[in-house]
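Please have the sequence and the model in view.

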Amino acid sequence: KRCMFGTIESWLIYKLTGGHKGGIHITDVSNASRYMLMNLQTQQWDLDICRELGIPVECLPEIRSNAEVYGKVKGYGQLNGIPIAGALGDQHAALLGQGCLEVGSSKNTYGTGCF
């Protein structure tokens, strides 16, 4: 690929898993939902929206779950082999961190945005 698009976690995972020497280009579903290009029903990139906006889907990271082993650190000495096993967007992570696990729970986060 000549050009890849993503957010900070997709770049970090890509770099930590080998970068241009075989790194994986992925994002988790919480971050993918913020691109406004994901079909919320299928949790995949919406081909019609991407086509309408002229965004080549092959440049976008693969959408994966929040909690799975994505790969292992590669090319960073003593860190090599450590599993990379999860990613979560900041708003979603803050909600989880505050223990909002019940239907109807809410929280307001101030930082990168206020939602």
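What you see is a predicted model. Let us begin with helix 1, which covers residues 8-16; within this helix, E9, S10, I13 and Y14 are buried. Where do these residues sit around the axis? They lie on the same side of helix 1, because the arc they cover around the axis is only 135°. As for their partners, the buried residues of helix 1 pack against strand 1 (26-28), helix 2 (29-32) and strand 6 (83-84).

Please now follow the chain onward. After helix 1 comes G18, and the phi angle of G18 is positive, near 125°.

In the loop between helix 1 and strand 1 we find H25. Is H25 buried or exposed? The cut-off for a buried residue is a relative accessible area under 20%. H25 has a relative accessibility of 13%, and therefore counts as buried. What does the side chain of H25 reach? The answer is the backbone oxygen of F5, at 2.9 Å.

I turn now to the charged side chains. How many salt bridges are there? The count comes to three.

One of them joins the side chains of D48 and R51, with an N to O distance of 2.8 Å. Both residues belong to helix 3 (residues 47-53); they are three residues apart, so about one helical turn separates D48 from R51. Turning to accessibility, D48 is exposed, with a relative accessible area of 54%. R51 is exposed as well, its relative accessible area being 59%.

We come next to R64. The side chain of R64 meets that of E62 in a salt bridge, at 3.9 Å from N to O. R64 also forms a salt bridge with E68, and here the closest N and O atoms are 3.0 Å apart.

Thank you for your attention.

Methods
Residues are numbered from 1 along each chain as its sequence is written. This is a predicted model: local features need pLDDT of at least 70, side-chain atom pairs count only at pLDDT 80 or more; totals for chains, interfaces and linings use all residues. Side-chain values use heavy atoms; hydrogens and water are left out. Buried means under 20% relative accessible area, exposed over 50%, partly exposed in between (1.4 Å probe, protein chains only). Helices (H or I, at least four residues) and strands (E, at least two) are DSSP runs, numbered from the N terminus. The arc is that of the directions from the helix axis to the C-beta atoms. Contact means heavy atoms within 4.5 Å. A polar contact is a pair of N or O atoms within 3.5 Å; within protein, one must be able to donate a hydrogen and the other to accept it, and residues adjacent in sequence count only if both atoms are side-chain atoms. A salt bridge is a side-chain nitrogen of Lys or Arg within 4 Å of a carboxyl oxygen of Asp or Glu.
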